[in-house]
Amino acid sequence: MDRVLSGMQASGKLHIGNLVGALQNWVRLQERYDCYYFVADWHALTTGYASPQAISESAEDLLVNFLAAGLDPGKCTIFVQSGIPEHAELHLLLSMITPLGWLERVPTYKEKIQELKERDLSTYGFLGYPLLQTADIIIYRARYVPVGIDQVPHLEISREIARRFNFLYREVFPEPEALLTEFPKVPGVDGRKMSKSYDNAIYLSDPPETVEQKLRTMMTDPARKRKTDAGNPEVSPVFQLHKIFSSKEEQEYVAHGCRTAGIGCIECKKVLIKNIFRVMEPLWAKRKELRDNPDTLRDIVKTGTEKAARVARETMELARDAMGLGKF
Ligand code: TRP
């Protein structure tokens, strides 16, 4: 079975955009591939080194939601990056052969520095972000990496680095391929892209009352001030969510009701709330189960770490050997 690997950076809580954009895809993939999924806590340190407490909280939120969303530890391997120090060793070895220019050229490097102007990102670790990601992937000799389009430049450099290692020493690493997850952008409650930095997200950890409250006050077509005004569903972020969560019939019903002023925004939102609740109810149930059995999570990660570590150690032996290290 081909191996699949993917990770999420521990820098905030997961929201429904992450659920439909990534996690649900991971859940599907565990049926067909030998999947390794992990929480990238070291990656979170590259930008969040000044507040490590937030990283460990986020790591826990991610793990809980991996399981709540349906990752099954019987079918896939779940772990935390810092639990497998071999990633760091491979990162070091790869740093010897990676030209600085390759890292400086990655588009996300300059973009992130611009975006996070208030932080000092002129660090060695931050420049090495894609290199650490490369180590994460190739240490499992993974074939496929399910990611969103924003991660494609990172995958490209991973392939180049794997190729360079194989060329300089010996064929150890298969070149990983991105498994692109295409998904419409999920709008937040203010109509902008759902993102923790805009404070417009519906979190997987939000209790039902909060989810309902956020959706009830969500932005609609701004031109529709009164119930008697006709609206345009295509400019309403609520309708964008209907396209993701509601049936074709329901979409037609609310779109028609909006255009003809036949239904009010609250009625339209009630349909959406019902459908989002249907998706979140199993998550809420699973979250409660995990809260009631605090050892479960620890045990699952322990087992996942042991399994991942076996593969990582095996690869490191091959890598060291190819470089002529570890003889004594
Ligand atoms: N960079 C990814 C993100 O932004 C996280 C990540 C770290 C990752 N290592 C990875 C993704 C390896 C896929 C494979 O969330």
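The model is a predicted one, in which local features need pLDDT of at least 70, side-chain atom pairs count only at pLDDT 80 or more, and totals for chains, interfaces and linings use all residues. Residues are numbered from 1 along each chain as its sequence is written, and side-chain values use heavy atoms, with hydrogens and water left out.

Begin by selecting helix 9, residues 152–168, where helices are DSSP runs of H or I with at least four residues and strands are runs of E with at least two, numbered from the N terminus. Within helix 9 pick Asn166, which is buried because its relative accessible area is 11%, buried meaning under 20%, exposed over 50% and partly exposed in between, with a 1.4 Å probe and protein chains only. A polar atom of the Asn166 side chain lies 2.9 Å from the backbone nitrogen of Val172.

Next select Leu168, also placed in helix 9, which counts as partly exposed because its relative accessibility is 38%. Then move to Tyr169, in the loop between helix 9 and strand 5, which is partly exposed at a relative accessible area of 33%. If Gly21 is selected as well, its C-alpha is found 38 Å from that of Tyr169, the two being 148 residues apart in sequence.

Finally, select Lys185, in the loop between strand 5 (177–180) and helix 10 (208–216), which is exposed because its relative accessible area is 63%.

Key. A polar contact is a pair of N or O atoms within 3.5 Å; within protein, one must be able to donate a hydrogen and the other to accept it, and residues adjacent in sequence count only if both atoms are side-chain atoms.
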